[in-house]
Amino acid sequence: QTKWDLPTAYPASNYHTENITQFASDVEKASAGKLKITVHANAALFKAPEIKRAVQGGQAQLGEILLVNYQNEWQMFGADGIPFLADSYDAAWKLYQAQKPALEKKLAEQGLALLYTVPWPPQGIYAKKPISSAADLKGVKWRAYSPATARVAELVGAQPVTVQQTELSQAMATGVIESYMSSGSTGYDTKTYEYIKNFYDTQAWLPKNAVLMNKKAFDALDKPTQDAVLKAAAEAEKRGWELSKKKTLEYIELLKKNGMAIHVPSDQLKADMKKVGDTMLKEWLEKSGSEGQAVVDAYKKM
Amino acid sequence: MNDVAMAALLIATLFLILGSGVWIGLTLSGVAWIGMQLFSSRPAGDAMAVTIWGSASGWTLTALPLFLWMGEILFRTRLSQDMFKGLAPWMQSLPGRLLHTNVVGCAVFAAVSGSSAATCATIGKMSLPELKRRGYPDNMVIGTLAGAGTLGLLIPPSIIMIVYGVSADVSISKLFIAGVVPGLLLGLLFSGYIMFWALRHPDQVPPADLRMSFGAKLRASLSLIPVALLILAVLGSIYTGFATATEAAAVGVVGALIISAAQGSLSWTNFREALLGATRLYCMMALILAGAAFLTLSMGYIGLPRHLAEWIASLGLSQFQLVVMLAAFFIVLGCFLDGISVVVLTMGVVMPTVIAAGIDPLWFGIFVVLVVEMAQITPPVGFNLFVLQSMTGRDLLYIARVTLPMFFLMVAAVLIIYFVPQLVTWLPRQMAP
Amino acid sequence: MRKTLDFLYDSAAALAALFMIGLLAMVLLSIVGRQIHLNVPGIDAYAGYLMAGCGFLALAHTLKRAEHIRVTLVMQSLGPAARRWLERWAVSVAALLALLFAYYSVRLVMQSIEYNDISTGNDATPLWIPQLGMAIGAVIFAIAAIDEAVIEWKGRPLRTNLEAMRHE
Ligand code: NA
Ligand code: NA
């Protein structure tokens, strides 16, 4: 029997983790117990920023990462973090297909293989005060937790603020931050509704979590077990995308139930944010060069 | 090899290396290394380096060295004498007299700091020399300090509550509020114990200073102003949103420097000594934290805590049995791992069982914090014990022994909140939903 | 030789102390930055790097000053000869573990370069740079631990009270 470890940074109750746990048990069943995958949720084994290199170095055979987190390393990892490039599940799926060949090639160079991805629900804006246009965000304290959200803040004139995830609720309670951009699920998980009462469902982008695999570990398996892994991964991807879609609505409902006002963004806000997206796309294309252009071209053709 | 034999072998190795006098942080790394090499198929070295780097460079830890530094600066001012001058007249009449400053000091500082080690070190820096000078017996001074230092976790802000809140999906602000009453309860238990001890050992309590009139007492209290201002500044910075709970430690360092300058004790020598002292104290703890992080990783790979938790979940226990069983389980794990590691390693398995048994996750969070507080003072791996060993030079086992009564008081606190859960849940329920 | 080694330990500790000041500066900058609408990207990460550097660079100095803690109960209950041998065993084990730690800390830096591991935060720092602090600190710590072991094997004048020398 071969034993693999799969570290992930999210708690066991998160739908990504539930999906992964299902994947692990599918693999065990399909391989007739020959491959056992232990899922280490909650950053119990490795913390989020360490997971990719842990898989690369063979300290874990599998690992789940948020792709956009690695944009600093390679711009293409951030393709699904560009506002309004792909703003629906269909579009996100197309972008994924366009992105996939380059992604797979890059990961293969690093001794990794992409098993599957699952998106987070679309990103919206949480704001303490109502906003009807980007101008209303001027000077607002905005949590900039990633290069992309920091850039959005700069472009709309908000004041980017660095606050760690662990201090999020206290920072919201004391007004250290008044606004940030994330998915409905993050807003619910972090109990944002206790402090911030407006959610603007801008559906700006759908960042993806990816499950990566160490190539050497995979090659060491026999053919039937390899097939079992790939088959379970394909199923997990299908299941995960469906789940994510379903969860989007659920989370919006949950936010509403907890007193969050869900707003459809005004036309002005939409137009302003679109402009932000265009600028960021342009900047991203400059940084990512011909590789990025090829992905965007392929995506636009789909 | 089965889990029991594996655990026995690792624990035996731990005691062997630790007992032979190898530095504690290195011992933990050594046991982690042996565990990984023997019981998991993963190479230990690279994983060790990655995980130690991750834990040593994490933002949430930055409050610890800064609070240690603050303590070292204050230690070199008149602040501790002043504090005692101001508090003594009021505590003279209580049985146990100035021993209560440990409890009161820790409870107040707990409202500033999120960590138990920082609370213990800061208050200890001020109260240890002062209480010793006045002739209070070592065992009570050290024991109450080690115990009261753990209040840093129960009284908000608290790092462990944040960790629990994230992994168990419980509102962190509700947890913070829920910790207040049990924190005060535990403080009262500690103070009650001091009085009980003092009444039984009147000969060991140093005599009271001169009796003072009420007016004189008030005048003496004026010397509390600097310390009150410092605490007000740190607390105020958190609750007005000027600084986050982690950043507040930096406010504390600046405040301590200002007090030091105002009292005329901010010489270059004093500054340098305080800085180097804090660097060494933090370094001592960093080595242990590094070892603890690696041991946690090793346990994650081997799966011992997870298997135990799964086993407990499979027993089908009643609510009370489950609470008792989990308390025992966390206490045993807490002897060998630090509290945060215990929570991270087991919550995923434990939480579903807890919810299925109908236990309120908010209440369970306070229960976990209390049990994790115990882990701070149980040997061989207890961070408050380490802090006090470093500050007093006494042996670890001596410190653990004199702290034992505080451990039993915490067990009592767990029982009290089990039978009167409103102590935990009443205050947060008063919040708007 | 003795002088060179002590100089090495003490200068690393001085650097560690500077990192502590740097840590304070970073956190203060992040507080003040919010008030004056100045955001320094990744300042939290820099604070973390400085803290790590502070902890690791001071290791050797702290070891030499006997401020790393250990359990000396058994040692104190032994006679002089047995105690000497136990002390030799303890420092040898410690030196071995410190060597392992140093070796893999250096490897961490090299792998970070090889993997092109870049911080995922807003600072986007190539991680081998801050990790250098840990590697250098660990190497100097290993040197100090071996130094201690050599002294012990050569026969250090027996310490009469292990605890007394630690604290004023
Ligand atoms: Na606290
Ligand atoms: Na313990």
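UniProt positions are given here in the numbering used for this structure, with feature names shortened, and annotations may be inferred rather than shown by experiment. Under "transmembrane region", the UniProt record (an unreviewed entry) lists residues 12–33, 45–64, 85–106 and 126–146 of chain C. This is a predicted model, in which local features need pLDDT of at least 70 and side-chain atom pairs count only at pLDDT 80 or more, while totals for chains, interfaces and linings use all residues. Residues are numbered from 1 along each chain as its sequence is written, chains are lettered from A and ligands numbered from 1 in the order in which they are written, and side-chain values use heavy atoms, with hydrogens and water left out.

**Listed spans in chain C**

- Residues 12–33 of chain C are 100% helix and 0% strand, and the end C-alpha atoms lie 30 Å apart. Helices (H or I, at least four residues) and strands (E, at least two) are DSSP runs, numbered from the N terminus.
- Residues 45–64 of chain C are 95% helix and 0% strand, with 30 Å between the end C-alpha atoms.

- Donors are N, O and S atoms within 2.8 Å of the metal (3.2 Å for Na, K and Ca); water is not among the atoms, so sites may look incomplete.
- B:Ser113, in the loop between helices H6 (100–110) and H7 (116–133) of chain B, and B:Pro157, in the loop between helices H9 (151–154) and H10 (159–168), are 44 residues apart.
- B:Ser113 and B:Pro157 are both buried. Buried means under 20% relative accessible area, exposed over 50%, and partly exposed in between (1.4 Å probe, protein chains only).
- The sodium ion (ligand 2) is coordinated at 2.2 to 2.6 Å by B:Gly334 (O), B:Ala375 (O), B:Thr378 (O and OG1) and B:Val381 (O).
- Along the chain, the donors of ligand 2 follow the spacing G-x40-A-x2-T-x2-V.
- B:Gly334 is buried, with a relative accessible area of 1%, and B:Thr378 is buried at 8%.

**Helix H1 of chain B**

- The 17 residues of H1 (residues 3–19) of chain B should span 24 Å at 1.5 Å a residue, and the end C-alpha atoms are 24 Å apart, which agrees. The expected span is 1.5 Å times one less than the number of residues.
- Buried residues in H1(B) include B:Met6, B:Leu10 and B:Ile17.

**A sheet and its helices in chain A**

- An open sheet of three strands in chain A has the order E3-E10-E4, with antiparallel pairing. Two strands pair if DSSP finds at least two bridges between them.
- Strands E3 (62–66) and E4 (112–119) of chain A stand at the edges with a single partner each, so one side of each is left without a neighbour in the sheet.
- Five bridges join E3(A) to the antiparallel strand E10 (residues 208–214) of chain A, and A:Leu66 stands opposite A:Asn209 in E10(A).
- H2(A) packs on the sheet, touching E3, E4 and E10 of chain A, and its direction makes about 145° with that of E3(A). Contact means heavy atoms within 4.5 Å. Axes are lines fitted to C-alpha atoms, for helices over the stretch in contact, and angles run from 0 to 180 degrees between N-to-C directions.
- H2 (residues 48–56) of chain A is mostly covered, with seven of its nine residues buried.
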